[in-house]
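Dear colleague,

Please find below the structure that I am handing over to you.

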Amino acid sequence: QVQLVESGGGLVQPGGSLRLSCTGSRSISSAAVMAWYHQAPGKQRKLVATITVGGDTTYHDSVKGRFTISVNNAKNAVYLQMNNLKPEDTAVYYCKGSWGSGVWGQGTQVTVSS
């Protein structure tokens with residue numbers, strides 16, 4: 001069974017930065033798509049960013065210009081660099097990999113607050 005593990009969440013002040021990491025028990029470079037989602041309290045899980053096996057990326061409008069998704073195949077990891085964080089970015093962030101069927105990580109909490 002494929003597993004994904006996220007890390008890098010925490011408490012940060014508005015305007016600050018965090019880098020989330022997601023490592024897998026299966027080759028991330030073989031996934032058709034890797035994605036980051038977030039889920040704020042009381043709200044539905046929302047797609048934040050995606051990266052395809054070919055390196056194409058997409059972003060939710062609310063994070064364009066602030067967040068960057070990337071893959072390091074040597075480390076078998078996918079990252080989400082988050083800059084200029086805002087209180088509305090507060091959520092649990094999940095990594096998802098698509099190898100035919102989707103696999104979710106357990107999530108990592110990001111809290112943006114002064």
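Predicted model: local features only at pLDDT ≥ 70, side-chain atom pairs only at ≥ 80, totals over all residues.

I begin with the disulfide. The count comes to 1 disulfide, and the bond joins cysteine 22 to cysteine 95, with an S to S distance of 2.1 Å. Cysteine 22 belongs to strand β3 (residues 18–24) and cysteine 95 to strand β9, so the bond ties together parts that are 73 residues apart in sequence. Because the torsion about the S-S bond is about -75 degrees, the disulfide is left-handed. Cysteine 22 and cysteine 95 are both buried.

The next topic is the nonpolar core. The largest nonpolar core has 27 residues, and the members that touch the most other members are Met34, Trp36, Phe67, Val78, Leu80, Met82 and Tyr93. Two or more residues each come from β3, β4 (33–39), β5 (46–52), β7, β8, β9 and β11 (108–112). The element that gives the most is β9, with 4 residues. In general, nonpolar side chains in soluble globular proteins tend to be buried together.

Tyrosine 93 deserves a separate look. Leaving out residues up to four places away in sequence, tyrosine 93 touches Glu6, Leu20, Trp36, Tyr37, His38, Val48, Phe67, Leu80, Met82, Gly107, Thr108 and Val110. Among these contacts, Trp36, Phe67, Leu80 and Met82 are also named with tyrosine 93 in the list of core members that touch the most others.

Lysine 96 is also placed in strand β9. Lysine 96 is buried and yet has no salt bridge. The nearest side chain of opposite charge is that of glutamate 6, 12 Å away, whereas a salt bridge requires a distance within 4 Å. Apart from neighbours within four places in sequence, the contacts of lysine 96 are Leu4, Val33, Met34, Ala35, Tyr37, Gly102, Val103 and Trp104.

Finally, I turn to the backbone at two asparagines. Asparagine 76, in the loop between β7 (67–72) and β8 (77–82), has a phi near 50 degrees, which is a positive value in a residue other than glycine. Asparagine 84, in the loop between β8 and β9 (91–99), likewise is not a glycine and has a positive phi of about 50 degrees. With a relative accessibility of 44%, asparagine 84 counts as partly exposed.

With kind regards

Key: Residues numbered from 1 in each chain as written. Heavy atoms only, no water. Buried < 20%, exposed > 50% of the residue type's maximum accessible area, 1.4 Å probe, protein only. Disulfide = S-S within 2.5 Å. Core = buried A, V, L, I, M, F, W, Y, C linked by side-chain atoms within 4.5 Å. Contact = heavy atoms within 4.5 Å. Lys, Arg positive; Asp, Glu negative; His and termini not counted.
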